[in-house]
Amino acid sequence: MVNTRNAGVIANQGLVSAVKNFATNQLVIDVIDIRLDKRLGNSLKASLFRMIQELIINIIKHAVATEAFIQLTYHEERLNILVEDNGKGFDPKTTIGLHSIQRPVENLNGTLTIIALQSK
């Protein structure tokens with residue numbers, strides 16, 4: 001089962017540490033941050049953590065994955081979050097469950113790009 005963290009804990013330990021400490025016994029999670037030395041506001045960190053948390057929960061529920069890779073990169077005033085897993089893939093036309101992530105991304109003036117590779 002997935003451990004949840006509250007916004008206060010995320011604010012105290014930082015986004016990268018919170019994601020790295022996201023406890024799950026179903027999935028090995030590797031987290032890399034590149035140039036994420038920019039200070040992010042607490043509400044932004046909490047929003048980003050909730051989005052990443054939702055992606056991890058979806059990976060556990062639907063992808064039948066054993067490993068996930070999360071890369072957080074800050075470059076040219078943009079924060080990029082890349083989430084990959086070794087799961088079975090999915091049809092990107094049926095991403096209804098990802099709407100819970102799409103809206104918060106749009107509220108942050110961001111974009112969500114989905115690249116789904118299906119295993120053969």
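Lys45 counts as buried in this predicted model, because its relative accessibility of 9% falls under the 20% limit that defines a buried residue. The residue lies in helix 3, and its C-alpha atom is 9.2 Å from that of Val16, although Lys45 and Val16 are separated by 29 residues in sequence. For the protein chain as a whole, 32% of the 120 residues are buried. Among the contacts between residues at least 6 apart in sequence, 65% join residues at least 24 apart.

The protein chain comprises four helices and three strands, and these elements follow the pattern α-α-β-α-β-β-α when read along the sequence. The three strands form an open sheet with the order 1-2-3 and mixed pairing. From one strand to the next, the twist averages 10°.

Strands of a sheet pair through backbone hydrogen bonds, in either a parallel or an antiparallel sense. In this model, strand 1 and strand 2 (residues 67-75) pair in the parallel sense over seven bridges; along this pairing, Asp30 stands opposite Phe69 in strand 2, and Val31 stands opposite Ile70 in strand 2. Strand 2 and strand 3, by contrast, run antiparallel and are joined by eight bridges, with His75 standing opposite Arg78 in strand 3. The hairpin of strand 2 and strand 3 has two residues between the strands.

Positive phi values occur at Glu76 and at Val64, neither of which is a glycine. Glu76, in the loop between strand 2 and strand 3, has a phi of about 50° and counts as exposed, its relative accessibility being 65%. Val64, which is found in the loop between helix 3 and strand 2, has a phi of about 55° and is likewise exposed, with a relative accessible area of 64%.

The crossing in which helix 3 passes helix 4 is left-handed. On the side of helix 3, the contact involves Met51, Glu54 and Leu55, which meet Ser100, Ile101, Pro104 and Val105 in helix 4. Classified by residue type, this contact has five nonpolar residues, one polar residue and one charged residue.

Key: Residues are numbered from 1 along each chain as its sequence is written. This is a predicted model: local features need pLDDT of at least 70, side-chain atom pairs count only at pLDDT 80 or more; totals for chains, interfaces and linings use all residues. Side-chain values use heavy atoms; hydrogens and water are left out. A crossing is left-handed if the near helix is turned anticlockwise from the far one by less than a right angle, and right-handed if clockwise. Contact means heavy atoms within 4.5 Å. Ala, Val, Leu, Ile, Met, Phe, Trp, Tyr, Cys and Pro count as nonpolar, Asp, Glu, Lys and Arg as charged, and the others, Gly among them, as polar. Two strands pair if DSSP finds at least two bridges between them. Axes are lines fitted to C-alpha atoms, for helices over the stretch in contact, and angles run from 0 to 180 degrees between N-to-C directions. Buried means under 20% relative accessible area, exposed over 50%, partly exposed in between (1.4 Å probe, protein chains only).
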